[in-house]
Amino acid sequence: MKSLADIADTLLGYDPDALQADSVNAFLAAMVPEPTQTESLPLMQGLDRVLAQDIISPMDVPPHDNSAMDGYAFDGSALSANTPLQLQVAGRALAGQAFAGQIGAGQCLQIMTGAILPQGLDTVVPQELVKAHQGRIVIAPGTVHPGDNRRLLGEDVLRGSVALAKGSVLGPAALGLLASLGLPTVAVFRKLRVAYFSTGDEILSLGDSPREGAVYDSNRYTVWGMLQGMGIECIDLGVVRDDPTLLEAAFRSAAEQADAIITSGGVSVGEADHTKAMMRQLAHSDSPGEGGVAFWRIAMRPGRPMAVGRIGRVPLFGLPGNPVAVMVTFLAFVRPALWHMMGARPDDPRVHCPLLQGRSSEAIRKKPGRTEYQRAVVSRTADGSLQVRTTGQQGSGVLSSMVQANGLMVLPHEQGNIAQGDVVQVMMFAGVL
Ligand code: AMP
Ligand code: MG
């Protein structure tokens with residue numbers, strides 16, 4: 001396992017006090033372990049899980065050449081460009097029943113969708129495109145071409161080929177594909193367990209009476225919701241007060257039960273609390289060489305402070321306290337790292353939120369030197385192009401503008417002010433959150 005210092009050495013210009021958002025993902029991917037434990041599950045229980053091995057197909061799908069239409073199968077070489085083709089209907093083939101007879105020259109076979117195409121018949125004309133009368137059909141010139149409406153043996157999956165690669169996240173289409181291969185079970189990586197808690201003396205749990213200067217804990221709810229969307233087992237350790245004994249107990253309990261720990265609050269520079277001290281202490285004392293914690297100031301908004309490291313061998317993501325900063329740092333950094341821990345391929349469509357480009361419907365002030373994430377709505381204009389507008393108040397504690405958004409406008413590090421109509425990138429989270 002690489003130490004944090006070793007990982008930092010591989011990143012060009014690594015500076016924990018002015019870290020560019022762009023280098024965070026590479027750091028975290030190197031910091032987190034890959035999964036080793038697998039389990040075999042009935043197919044339906046494999047939904048949203050990560051495939052633990054390549055699936056080599058035991059069969060061809062489809063297993064035979066077959067018809068893609070209800071119609072008439074015939075030898076396509078008999079078609080001519082100018083004259084109608086007249087054929088005698090010599091039999092009928094239904095799906096699931098092989099046609100036993102022979103089809104000679106000048107003949108065709110009435111065939112249903114999915115029925116096996118007998119040797120020598122390579123073309124199907126849909127029934128609604130022919131004239132049928134007294135056991136004969138007439139196909140007008142140009143109606144079909146040789147090979148039309150035929151599904152070829154193995155055109156979906158060839159026997160012996162990799163039908164699905166290790167690390168694929170199993171969505172409905174993947175489950176259907178595995179089922180089409182006749183596989184009743186699937187080997188997946190064990191579910192990831194993530195423990196999380198919120199820190200801060202001013203943080204109230206739901207049910208507590210309001211008091212001056214205190215706020216209700218929203219972070220555990222957003223974090224829980226975002227973890228649920230990834231199929232992760234959640235271990236909720238509640239709100240932990242700023243007390244060394246309680247914090248130590250929470251970190252130890254988290255490290256014992258979970259594969260990763262997420263906290264919120266207590267990691268900013270001016271923090272007068274014990275969270276940072278306890279992270280530092282546990283990270284170093286528990287497993288010299290493996291543990292460690294780095295306190296970052298990321299050049300981004302919202303979400304500047306963040307602690308990352310390991311307590312024992314368990315990765316720690318110490319997120320900032322502000323509710324929107326929690327969501328943004330989770331989406332941009334923690335989520336891809338957790339997918340990596342779950343064994344997902346980096347190019348799996350689930351791992352990164354899709355990026356779209358659209359024109360900003362307003363001017364936006366932006367200082368070069370930090371990455372900014374603005375809560376935004378992408379919509380389609382009358383001419384079909386995409387338009388992006390921000391959803392109001394962008395304060396790092398303002399959740400209501402997050403609720404209204406369907407994505408985050410990502411204004412890159414070097415970017416300056418945005419003029420109305422400029423093209424901007426948006427990380428879409430609709431369907432992810
Ligand atoms: P901190 O990073 O601990 O300095 O917190 C930054 C801001 O986020 C402060 O205004 C906190 O009150 C607020 N905050 C921290 N944790 C939470 C939480 N769990 N729920 C809502 N607000 C929080
Ligand atoms: Mg605090």
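Predicted model: local features only at pLDDT ≥ 70, side-chain atom pairs only at ≥ 80, totals over all residues.
Residues are numbered from 1 along each chain as its sequence is written, chains are lettered from A and ligands numbered from 1 in the order in which they are written, and side-chain values use heavy atoms, with hydrogens and water left out.

A nonpolar core here is a set of buried Ala, Val, Leu, Ile, Met, Phe, Trp, Tyr and Cys residues joined through side-chain atoms within 4.5 Å; buried means under 20% relative accessible area, exposed over 50%, and partly exposed in between, with a 1.4 Å probe and protein chains only. Helices (H or I, at least four residues) and strands (E, at least two) are DSSP runs, numbered from the N terminus. As background, nonpolar side chains in soluble globular proteins tend to be buried together.

On a 1 Å grid over the protein atoms alone, a cavity is a set of points where a 1.4 Å probe fits but cannot get out, a pocket is an open set with protein on both sides within 12 Å along at least five of seven lines, and lining residues have an atom within 4 Å of a point. Grid points are joined across faces, edges and corners, and a volume is the space filled by probe spheres set on the points.

The second largest pocket has a volume of about 370 Å³. By class, the lining has twelve nonpolar, five polar and one charged residues; Ala, Val, Leu, Ile, Met, Phe, Trp, Tyr, Cys and Pro count as nonpolar, Asp, Glu, Lys and Arg as charged, and the others, Gly among them, as polar.

The largest pocket holds about 440 Å³ of space. It is lined by 30 residues, with Glu 202, Gly 265, Gly 266, Gly 321 and Asn 322 nearest its centre. The elements that give it two or more residues are β14 (193-199), β16 (215-216) and α7. Its lining has nine nonpolar, 13 polar and eight charged residues.

Now follow Leu 355 and Met 427 into the strands. Leu 355 has Met 427 in β26 as its bridge partner, and Gln 357 stands opposite Gln 425 in β26. Strands β22 (355-360) and β26 (423-428) pair in the antiparallel sense over five bridges; two strands pair if DSSP finds at least two bridges between them. β22 also pairs with β24 (386-390), in the parallel sense and over two bridges, with Arg 359 opposite Gln 387. β26 pairs in turn with β25 (407-411), antiparallel over four bridges, and there Met 409 stands opposite Val 426.

Finally, some backbone details. Most residues other than glycine have a negative phi, and most peptide bonds are trans. The peptide bond from Val 61 to Pro 62 is cis, with omega near -5°, and Pro 62 is found in the loop between β3 (55-56) and β4 (66-67). Another cis peptide bond joins Arg 301 and Pro 302, with omega about -5°. Asp 48 has a positive phi, near 70°, and at 29% relative accessibility this residue counts as partly exposed. Asp 48 is also one of the residues that line the largest cavity, whose volume is about 80 Å³.
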